[in-house]
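Work through the exercises below with the sequence and coordinates at hand. Each task is followed by a stepwise solution.

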Amino acid sequence: MLKKVNHIGIAVRSIEEAKRFYEVMGLQVEGYEVVEEQKVKVAFVPVGETRIELLEPTSEDSPVAKFIAKRGEGIHHIAFEVDDIEKALEVLKENGVRLIDEEPRRGAHGTRIAFLHPKSTNGVLIEICQEG
Ligand code: CMX
């Protein structure tokens with residue numbers, strides 16, 4: 001069902017400040033996009049066949065701002081890529097995994113995404129995503 005880790009989301013106060021570290025490591029920060037409905041600005045840092053996704057809140061009531069206020073900057077979620085997100089959600093639900101999103105929503109760069117509840121996933125926010 002899962003193809004690969006599509007990206008690892010890291011909550012940061014400022015992408016502009018955070019990106020220096022990745023550039024020092026020889027990586028390129030690209031793909032800036034504001035996902036308005038989730039109140040986040042994202043940027044991608046490709047590395048091998050996966051990516052780091054930097055997440056910066058666009059307002060104080062952004063879920064990512066709340067995450068940073070509660071826990072500080074750090075790993076926010078891990079996104080697994082699937083071919084068929086509806087099927088993946090169906091299988092997860094059938095097997096008792098609690099879903100935050102029953103239906104896929106829009107993610108960055110034309111992806112369709114859904115979050116699983118951290119209570120079902122050992123405290124880690126897991127995203128399921130489908131490209132295109
Ligand atoms: N890590 C661990 N636990 C988390 C968490 C995180 N990053 N985010 C939320 N939780 C926990 C909460 O503490 C809460 O726990 P309790 O029920 O024990 O209080 C529970 O999960 C539910 O959280 P919530 O905020 O009450 O639930 P919502 O339905 O309001 O929102 C979520 C959940 C994950 C969608 C939201 O918090 C969030 O992070 N939204 C931003 C998502 C994002 O990163 N979007 C950009 C994606 C772009 C892309 O990848 O393409």
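Phe21 counts as partly exposed because its relative accessibility is 46%, where buried means under 20%, exposed over 50% and partly exposed in between (1.4 Å probe, protein chains only). The model is predicted, so local features need pLDDT of at least 70 and side-chain atom pairs pLDDT 80 or more, while totals for chains, interfaces and linings use all residues. Residues are numbered from 1 along each chain as its sequence is written, and side-chain values use heavy atoms, with hydrogens and water left out.

**Exercise 1.** Identify the salt-bridge partners of Lys3 and say which parts of the chain they tie together.

Step 1. A salt bridge is a side-chain nitrogen of Lys or Arg within 4 Å of a carboxyl oxygen of Asp or Glu. The structure holds 11 of them.

Step 2. Lys3 meets Glu81 at 3.4 Å, N to O. Since Lys3 lies in strand β1 and Glu81 in strand β5, the pair ties together parts that are 78 residues apart in sequence.

Step 3. Lys3 also pairs with Asp83, the closest N and O atoms being 3.1 Å apart. Asp83 sits in the loop between β5 and α3 (85–94), so this pair ties together parts that are 80 residues apart in sequence.

Step 4. In relative accessibility, Lys3 is partly exposed at 48%, Glu81 is buried at 7% and Asp83 is exposed at 54%.

**Exercise 2.** Find the salt-bridge partner of Glu131 and the closest N and O distance.

Step 1. The partner is Arg51, with the closest N and O atoms 3.6 Å apart.

Step 2. Glu131 lies in the segment after β8 and Arg51 in strand β4, so the pair ties together parts that are 80 residues apart in sequence.

Step 3. Glu131 is partly exposed, with a relative accessible area of 38%.

**Exercise 3.** Locate Val34 and give its C-alpha separation from Phe80.

Step 1. Val34 is in strand β2, residues 30–35, and is partly exposed at 39% relative accessible area.

Step 2. The C-alpha atoms of Val34 and Phe80 are separated by 21 Å, the two residues being 46 apart along the chain.

Terms used: Helix = DSSP H or I, 4+ residues; strand = E, 2+ residues; numbered from the N terminus.
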